[in-house]
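Please read it with the structure open.

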Amino acid sequence: MAGIDSEKYKQNAHKAIADPVLQSALTSLQGRLGPATKKLYNTLPEGQELRKIAHQYRRKAIDNLDVLLETLAENIRSHGGQVHFAPSAEDAVEICVRIALENHVRTVVKGKSMVTEEIGLNDGLEQAGIEVTETDLGEYIIQLAGERPTHIVAPAIHKTREQIGELFTEKLGTPYTDDPPTLTQDARRALREKFLTADMGISGCNLACAETGHITTVSNEGNIRMATTLPKLHVAVMGMERIVANLEEQQAILRLMSMGAASQQIGGYVSYVGGPAAPGHSDGPEQFHLIIVDNGRSKILADETFREMLCCIRCGACLNICPVYGKIGGHSYGSAYSGPVGAVVTPLLFGINDASDLCSGESLCGACRQACPLEINLPRMLLALRSKLSEGDPSWQVKPARNQERWLFRCWQFVNGNRTLYNLFYAVARKAQKILPTQDGMIRKLPYPFNGWTSQRNMQPLAPKTFMQRWQEKQEGKK
Amino acid sequence: MQQTFISTIKQALGRSQGSKPAEDLFTTEPSEHEKIVLTQIQQRTSAQHNANMSRLREVTGPLYVNLHEHSSLEETAEAIAALIKEKSPEWGTEKHVCRWDHPLINQLKLESLPELSGIPIHTTPIFDVTDQARPIPSSQKEQFRAQVEQSFIGITSADYCVAATATLALRSRPGQSRSVSLVPSIHVAVVKEKKLLSTLEELYTLLKWDPAERKEGLTNNLSLISGPSKTGDIELIMVHGAHGPRELHLFIIGEEQ
């Protein structure tokens, strides 16, 4: 599913908060993964310092992306692989469909990949008459249900075992069960058939290593190994920023990513793929293609304010701690990328105005930065996005989103800057607030245009005296 | 397309305004710390080997790796044979086994064990590629593929085994098929104790800096395997055997006294 429907953010968030199944899933997810990841960071042999060092590795890679991508391409070609560059989502889809059609591909098995969600690869292949099967169990479940992933690492946590049981009975014709091991076995049987007969396997790339000329894939299920070993073709799609210079940097970030993503020392299956099966080898794909995708990333690269976002490795650790994500879930963000990472990356890739609610919805509490294995400063970038929305920015085609709000804040700034005016405002407001409806001494409803503030909460009324007045009286009393 | 793509990046990086690429992107010699790690691996004492072994014993349990320790090839072969006899196939009724063509696995001489008679053991074929004019018969590849699909147990060795994370490092080579450790329901890995490393850091330092390893490189496929296939995608409940092997049996062969 390419594109976004982030304009329904508020509506979807309301729905999510009212959904008890989702609420308990989110609580359980954050309760388990968040603290477990934090604990693991403390076990790093190099100490927490490694997170700062790894951030520098990533930053250095991003600052030298031109050299690294050319080195990677050269090395992969020398291993017998083919490398394609796709400036836009459409280009990437077109290249992949062309490879498939040239090789008479009819069925494709896919490993979970965020960038393929972003570019809408499945739709493109299906339109060309190619059957695409997602093979990560969570992705498979939501593909059968025709939904979007709700979490980067655990795409189907919003579904209960009973719902999955009913879904499998309907779509796979298996007898109903709500036993997770049996359900997993049902999917295993159905997908094994797909793996063994597929003409092409598609994977993403967690973090390529330029120096050795390898992409990496990480999974716990083994589905990506299956998809990239058994079919005759392997096509890997990577966002152009998912690369570092050398192996020592790559392994440090890979370990941090495993901690952030699944609270593991290292993912169950990590594969370094440098090309197709070498001559004389009994298995492995005959062709290996790597599609490197820009799709808006070079624009982020050019803006110093947001360049840091390209350091992100999409592990999802920020989702497991964010108090906002923990309530509204992944669907509210209306994009492949949810949570704090989605709140920054979705506006940057798809349009800041179109996804304006996303950055405004986050709380700026800073938990995401602390949870991020690379300590990426997401709150800073959320704030920068809000500032662009407030002031407008032609270089990002941002129109000032809320003229009314801007005007109000200017007035407020003026009132605040003038003591006499402030006292006058205060005196009037203190009197005027008496006509507002109250509940237990709190204001229950503000008039338009402030009513948004009290739609979800009551407000403390203004105190009878300002602090300055009380201070003055106290000083006079002392005399 | 590559040229336009890269020039867009160069522009975004401000290369025309004088921002230069870093000169120390790729490392050409090990750091002092990495040299120490390399020496540490070369000069490992038997006490350190024992420490690695006990570390491995601790981590295999939580990672659902079945650890088997034996002191000779014969004992190991007997134990693997017992496993083959004990376990039942997941997909069919017939028992087939596939394995690597690898010196250590060959030495087990599983084919000659009387208790395994009647159970086909398929060995990864090695193709002669010295004669470029003669293409590898695809029928032979397909035949082995079918045998792997039939097999319920796949037997491999590994280049290294990392004690701290129970990680097996497998590179692709002729005779060392990737699917043997992947498609059968049970993966049996046989490793000599001296192939134990203590941490992932040691593994990566070796792969990067040891002259012999450096020469071979990571190959076109290096797989690091830590435990059997698992998933938590249904209500975060851990289930083993999502797509890859449901069980992983790790056989460590100690030095014969």
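1. A definition first, for the charge counts: Lys and Arg are taken as positive and Asp and Glu as negative, while His and the chain ends are left out. On that basis chain A carries 53 positive and 51 negative side chains. The centres of these two sets lie 12 Å apart. Chain B has 26 positive and 32 negative charges, and their mean positions are 5 Å apart. Keep in mind throughout that this is a predicted model.

2. Overall make-up of chain A. Its secondary structure comes to 21 helices and twelve strands. The C-alpha trace spans about 95 × 55 × 45 Å along the principal axes of chain A. Of the 479 residues in chain A, 57% are buried. Chain A exposes about 19,800 Å², and carbon and sulfur atoms supply 54% of that area. Take the contacts in chain A with a sequence separation of 6 or more: residues 24 or more positions apart account for 72% of them.

3. Domains of chain A. The chain is divided into domain 1, residues 6-298, and domain 2, residues 403-478. How far apart do the C-alpha centres of domain 1 and domain 2 of chain A lie? The distance is 51 Å.

4. Overall make-up of chain B. Here there are eight helices and twelve strands. The C-alpha atoms of chain B fill a box of roughly 75 × 50 × 50 Å, again along the principal axes. Chain B has 257 residues, and 55% of them count as buried. Among contacts in chain B between residues at least 6 apart in sequence, 76% join residues at least 24 apart.

5. Helix α4 of chain A. This helix covers residues 65-78, which makes 14 residues. Which residues of α4(A) are buried? They are Leu65(A), Asp66(A), Leu68(A), Leu69(A), Thr71(A), Leu72(A), Ala73(A), Asn75(A) and Ile76(A). When reading such a list, recall that an α-helix has 3.6 residues a turn, so residues three or four places apart point the same way. Just after α4(A) comes Gly80(A), with a positive phi of about 95 degrees.

6. Helix α10 of chain A. The same check works for residues 180-197: these 18 residues should span 26 Å at 1.5 Å a residue, and the end C-alpha atoms are 26 Å apart, which agrees. The buried set of α10(A) includes Leu183(A), Ala187(A), Leu191(A), Phe195(A) and Leu196(A). Among the buried residues there are also Asp186(A), Arg188(A) and Arg192(A).

7. Positive phi outside glycine. His104(A) is not a glycine, yet its phi is positive, at about 55 degrees. His104(A) sits in the loop between α5 (89-102) and β2 (107-110) of chain A. Is His104(A) buried or exposed? Its relative accessibility is 67%, so His104(A) counts as exposed. In chain B, Glu235(B) also has a positive phi, near 50 degrees, and is a residue other than glycine. Glu235(B) lies in the loop between β10 (230-231) and β11 (239-240) of chain B. With a relative accessible area of 25%, Glu235(B) is partly exposed.

8. Leu168(B). This residue is found in strand β6 of chain B, residues 167-171. Why does Leu168(B) count as buried? Its relative accessibility is 1%, and buried means under 20%. Leaving aside residues up to four places away in sequence, Leu168(B) touches a list of residues that includes Ala158(B), Tyr160(B), Cys161(B), His187(B), Val191(B), Ile225(B), Leu248(B) and Leu250(B). Ser16(B) is 152 residues from Leu168(B) along the chain, and their C-alpha atoms are separated by 46 Å.

9. Ala367(A). This residue lies in helix α17 of chain A, residues 367-371. Its relative accessibility is 18%, so Ala367(A) counts as buried. The cut-off for buried is under 20%. Glu139(A) is 228 residues from Ala367(A) along the chain, with 27 Å between the two C-alpha atoms.

How values were computed:
Residues are numbered from 1 along each chain as its sequence is written. Chains are lettered from A and ligands numbered from 1 in the order in which they are written. This is a predicted model: local features need pLDDT of at least 70, side-chain atom pairs count only at pLDDT 80 or more; totals for chains, interfaces and linings use all residues. Side-chain values use heavy atoms; hydrogens and water are left out. Helices (H or I, at least four residues) and strands (E, at least two) are DSSP runs, numbered from the N terminus. Buried means under 20% relative accessible area, exposed over 50%, partly exposed in between (1.4 Å probe, protein chains only). Contact means heavy atoms within 4.5 Å. The place of a charge is taken as NZ of Lys, CZ of Arg, CG of Asp or CD of Glu. Domain bounds come from an automatic or database domain assignment. The expected span of a helix is 1.5 Å times one less than its number of residues. Accessible areas come from the Shrake-Rupley method with a 1.4 Å probe; for residues, only the protein chains shown count as cover.
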